[in-house]
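Please prepare a briefing on the protein structure shown below.

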Amino acid sequence: MKKIASFFAAVAAVAALSACSQDDSPVLMKPTEFKLNTPPFAEQLYQLTDEGQITLTCSQPDYGVGIETTYGIEISTTEDFAQSRTMKVSDPLSATLSFSTSEANLAILDMLGVIDEDTWEPYANDHVRPLYVRATAQAAQVEYSKITSNVVELPNVEFYYAIPTPGYIYLTGYPAFVEPSADYKNDLIRLFEDENAIGSNIYSAIIEDVPAQTVAFRFYTELTGWGSKNCLGAGEADMTDVNITGDFVDGVYDGSVTVNGQSNWSIDWQGGDMTITVDLNTNTIKIQAGAVEVVPPTVTSYIYICGNMASSDWTEPSEANAAFYDDWKLACDDNSGVYKATFSFPNLGADALYCRFYQKLTGWGAAQWASPTDADYEVTSGVAVDSKVGEGCFMLNNAKGKTVDIEVDTNTNKVKFTFVD
């Protein structure tokens with residue numbers, strides 16, 4: 001009996017081995033070829049604009065199985081991609097890759113180190129450069145499946161100056177008037193917006209060591225000459241002085257601004273520094289004795305958490321779903337660049353929170369603050385982690401039914417999740 005039992009055991013073992021050898025379950029393979037196609041008119045001039053798009057096509061990598069593939073685009077100003085930027089594509093699940101020319105323009109400026117008008121100067125009369133493009137592909141969230149294509153050169157790409165910089169207005173007067181024209185641009189005093197409040201329409205300047213004398217001035221928003229109406233004055237009348245010395249109380253004058261008025265503010269100054277602030281939201285002016293710090297206005301801005309916060313279905317981060325995302329936004333109300341919010345997750349779509357963060361509600365694609373690995377990335381309560389542009393998710397385990405403080409620091413691109421006791 002023992003011999004018979006051994007015989008049947010051997011037969012069973014062979015059968016098992018045979019079954020294993022015939023296992024034809026599909027296996028995800030890492031592809032070896034992936035091509036970004038050179039467009040037929042690659043040599044043409046590509047003029048980057050605020051509204052345009054560049055569209056390229058690529059091959060579909062062979063993963064050995066039919067699987068959802070996510071595509072991406074990277075650009076560089078050098079062929080070796082010593083530094084590069086990732087573009088958000090319109091449809092990351094399509095092998096037809098379209099990306100915004102305005103975003104590409106900002107990326108080019110960033111790589112060239114253009115941060116203001118001075119650093120733009122070397123390119124002001126010569127802003128056509130080659131742009132190098134390559135595609136990426138990845139199967140689902142499997143990191144080892146990622147493959148990068150060949151590099152395609154677009155030799156004639158025209159970029160443009162589009163750096164958000166503080167706005168300004170010009171002061172003419174005190175004590176000699178200089179014509180508000182381009183010929184005298186460098187001779188005019190300017191009042192600037194705060195760097196942390198670009199677009200606020202609040203302008204200020206400290207004018208140092210104003211002599212003890214009667215001074216007079218008004219402002220211009222453009223350098224179009226004396227006869228223009230791009231001026232901000234103390235009244236409607238042309239070329240007259242409105243003396244405000246009697247209204248200068250305890251070193252402060254508060255008054256109104258007349259748009260297109262050419263009257264001057266006139267004051268019998270006692271000498272020393274003068275701080276001027278012009279608010280074109282309310283058309284008001286404040287003149288203060290001394291060098292006074294002007295606190296920039298608080299501008300509340302938002303970013304959006306996108307994930308399984310409310311169900312297992314993800315809601316597209318688009319303007320069409322703005323009402324939904326009113327409940328899922330992080331706020332920065334102190335111009336610091338640090339966004340915070342506290343969320344509760346009673347209807348979480350799983351035991352763990354899966355999410356990434358979008359700067360604007362412009363639809364699917366790469367998020368500005370996603371996991372640093374392009375895949376699900378487990379985070380620990382109270383520990384700040386790196387983020388990157390992409391579609392990988394942060395994963396906070398045991399989040400269902402919990403309340404969580406979330407912080408995204410856009411200065412360091414760190415993200416932190418903290419359970420609230």
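Predicted model: local features only at pLDDT ≥ 70, side-chain atom pairs only at ≥ 80, totals over all residues.

Residues are numbered from 1 along each chain as its sequence is written, and side-chain values use heavy atoms, with hydrogens and water left out. The protein chain contains four helices and 29 strands. Its radius of gyration is 31 Å, well over the 22 Å that the globule rule gives for 421 residues, so the chain is more spread out than a compact globule.

**Overall form**

- Helices (H or I, at least four residues) and strands (E, at least two) are DSSP runs, numbered from the N terminus.
- The radius of gyration is taken over C-alpha atoms, and the globule rule is 2.2 Å times the number of residues to the power 0.38.
- Taken along the principal axes, the box filled by the C-alpha atoms of the protein chain is roughly 125 × 60 × 35 Å.
- Of the 421 residues, 40% count as buried; buried means under 20% relative accessible area, exposed means over 50%, and partly exposed lies in between (1.4 Å probe, protein chains only).
- The protein chain has an accessible surface of about 21800 Å², and 49% of this belongs to carbon and sulfur atoms.
- Accessible areas come from the Shrake-Rupley method with a 1.4 Å probe; for residues, only the protein chains shown count as cover.
- Among contacts in the protein chain with a separation of 6 or more, 66% are between residues 24 or more positions apart; a contact means heavy atoms within 4.5 Å.

**Charges and salt bridges**

- Side chains of opposite charge can pair when their charged atoms come close.
- The count comes to nine salt bridges, a salt bridge being a side-chain nitrogen of Lys or Arg within 4 Å of a carboxyl oxygen of Asp or Glu.
- One of these joins the side chains of E74 and R134, at 2.7 Å from N to O. E74 lies in strand β3 (residues 69–76) and R134 in strand β6 (residues 128–139), so the pair ties together parts that are 60 residues apart in sequence. E74 is buried, with a relative accessible area of 14%.
- D126 and R129 also meet through their side chains in a salt bridge, at 3.4 Å from N to O. D126 is partly exposed at 42% relative accessible area, and R129 is partly exposed at 27%.
- A further salt bridge links the side chains of D386 and K414, at 2.7 Å from N to O. D386 belongs to strand β25 (residues 385–386) and K414 to strand β29 (residues 414–419), so this pair ties together parts that are 28 residues apart in sequence. D386 is partly exposed, with a relative accessible area of 41%, and K414 is partly exposed, with 31%.
- K146, D374 and K388 are linked in a network of salt bridges.

**Positive phi angles**

- Most residues other than glycine have a negative phi.
- N260, a residue other than glycine, has a positive phi near 70 degrees. N260 is placed in the loop between β15 (258–259) and β16 (264–268), and N260 is partly exposed, with a relative accessible area of 34%.
- N398 is not a glycine, yet its phi is positive, at about 60 degrees. N398 lies in the loop between β27 (394–396) and β28 (403–409), and N398 is partly exposed, with a relative accessible area of 45%.

- F394 is in strand β27 and is buried, with a relative accessible area of 1%. The C-alpha atoms of F394 and T373 are separated by 9.6 Å, and the two residues are 21 residues apart along the chain.
- I108 is found in helix α2 (residues 101–112) and is buried, with a relative accessible area of 3%.
- Not counting residues up to four places away in sequence, I108 touches L48, T77, L131, V157 and F159.
- I108 and R85 are 23 residues apart along the chain, and their C-alpha atoms are separated by 8.4 Å.
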